[in-house]
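Please look over the sequence and the structure first.

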Amino acid sequence: MATGQAPGNPIPAMRTYPPVEHPVVVIGPQYLAQYPVDLAVNSDFKVSDINGTLMFQVKSKLLSLRRRFLKDAAGNTLVNLRHMIRTMHGRWEAFRGESEEQSDLIFTAKKSKLFQFKTELDVFLGNNKGEVPDFKVKEGNSESSCSILLGDSNTMLAQVHGRHTLAIMPNVDYAFIVALVVVILNGNNADDHGDSALTGLKVVDGVIEGIGSSA
C-alpha cells in the first residue's frame with residue numbers, strides 16, 4: 001500500500017516533553033484539570049475556554065498603572081501583579097488577592113539576563129530564597145510564542161501560540177499560567193515600544209495600555 005513516503009527518506013523526529021509527574025499548584029487546586037486546557041486571550045484581556053466561556057479577566061486601576069489584577073469570571077481578585085520599575089531585571093511580584101504583604105507573595109518573575117536577544121524569565125515561588133528558579137519562560141522561534149517550563153528542566157507546563165492562545169498541560173494550575181502571561185506581555189516588550197506579543201496592546205515605558213478597564 002502506498003504511503004506517500006519516498007524510499008529512503010527520513011521521517012522527521014517528533015519533539016517530546018516529559019509529562020508532569022506531580023500536580024503543579026500555585027494559586028489553588030481548584031485550577032487543576034486532568035486534561036489539557038486551551039484558553040484564548042482577547043484584546044481586552046478576557047480569557048475564555050474553547051467554548052467561549054469567560055474564565056478570567058485582567059483589570060487595572062487608574063491610580064495603579066503598574067499593577068494588574070487577575071480576576072475570576074465573577075470578578076473576585078485572585079492575584080495582583082506589581083511591576084517593580086527600579087529593578088535592573090524588570091522584576092514583577094505577584095500577591096494573593098489585593099494584598100501587598102510579603103506573607104501573601106505568591107511568586108516573583110524577572111529576566112534571566114540583563115541583556116538578552118530572546119525573552120527568558122526566571123520565576124521564583126514566594127518561599128524560594130535561593131538562586132534556582134521554580135519555573136522558566138523561554139521565547140520560541142518567534143516573538144509571538146513561548147514555553148513555560150518546570151524549573152531548569154524541559155518539562156513543559158504550557159505554551160503560548162500565535163499571540164493569543166494558551167495550551168496548558170494536564171495537572172497544571174491554569175490560573176497561574178494566566179498570571180504569568182500578564183508578565184510575559186510586559187517581558188517581551190520591556191525594551192521597546194512595539195506591539196505586545198499576545199494581544200497587540202501598546203506597551204509604553206513598560207506599561208500595558210488598554211489591558212482591560214478600571215477595576
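**Core, overall build and selected residues**

Of the 46 residues in the largest nonpolar core, those touching the most other members are Phe45, Phe56, Leu81, Phe107, Ile168 and Phe176. Helix H1 supplies the largest share of this core, 12 residues. A nonpolar core here is a set of buried Ala, Val, Leu, Ile, Met, Phe, Trp, Tyr and Cys residues joined through side-chain atoms within 4.5 Å. The model is predicted: local features need pLDDT of at least 70 and side-chain atom pairs count only at pLDDT 80 or more, while totals for chains, interfaces and linings use all residues. Residues are numbered from 1 along each chain as its sequence is written, and side-chain values use heavy atoms, with hydrogens and water left out.

**Whole chain**

- The chain has one helix and 14 strands (DSSP runs numbered from the N terminus: helices are H or I, at least four residues; strands are E, at least two).
- Of its 215 residues, 47% count as buried (under 20% relative accessible area, with exposed over 50% and partly exposed in between; 1.4 Å probe, protein chains only).
- Among contacts (heavy atoms within 4.5 Å) between residues at least 6 apart in sequence, 37% join residues at least 24 apart.

**Backbone in two loops**

- Most residues other than glycine have a negative phi.
- Phe45 has a positive phi, near 55 degrees, and lies in the loop between strand S1 (37-41) and S2.
- Phe45 counts as buried because its relative accessible area is 0%.
- Asn171 also has a positive phi, about 60 degrees, although it is not a glycine; Asn171 lies in the loop between strand S12 (165-168) and helix H1 (174-187).

**Aromatic pairs**

- The whole structure holds five aromatic pairs (rings of Phe, Tyr and Trp, the last by its six-membered ring, with centres within 6.5 Å; planes under 30 degrees apart are stacked, over 60 edge-to-face and the rest tilted).
- Tyr31 and Tyr174 form an edge-to-face pair, 5.8 Å centre to centre with 85 degrees between the planes.
- This pair links the segment before S1, where Tyr31 lies, to helix H1, which holds Tyr174, 143 residues apart.
- Tyr31 is buried at 11% relative accessibility, and Tyr174 is buried at 12%.
- Tyr31, Phe56 and Tyr174 form one aromatic cluster.

**Contacts of two residues**

- Leaving out residues up to four places away in sequence, Ile168 touches residues including Pro36, Val37, Leu39 and Tyr174.
- Ser48 lies in strand S2 (residues 46-48) and counts as buried because its relative accessibility is 18%.
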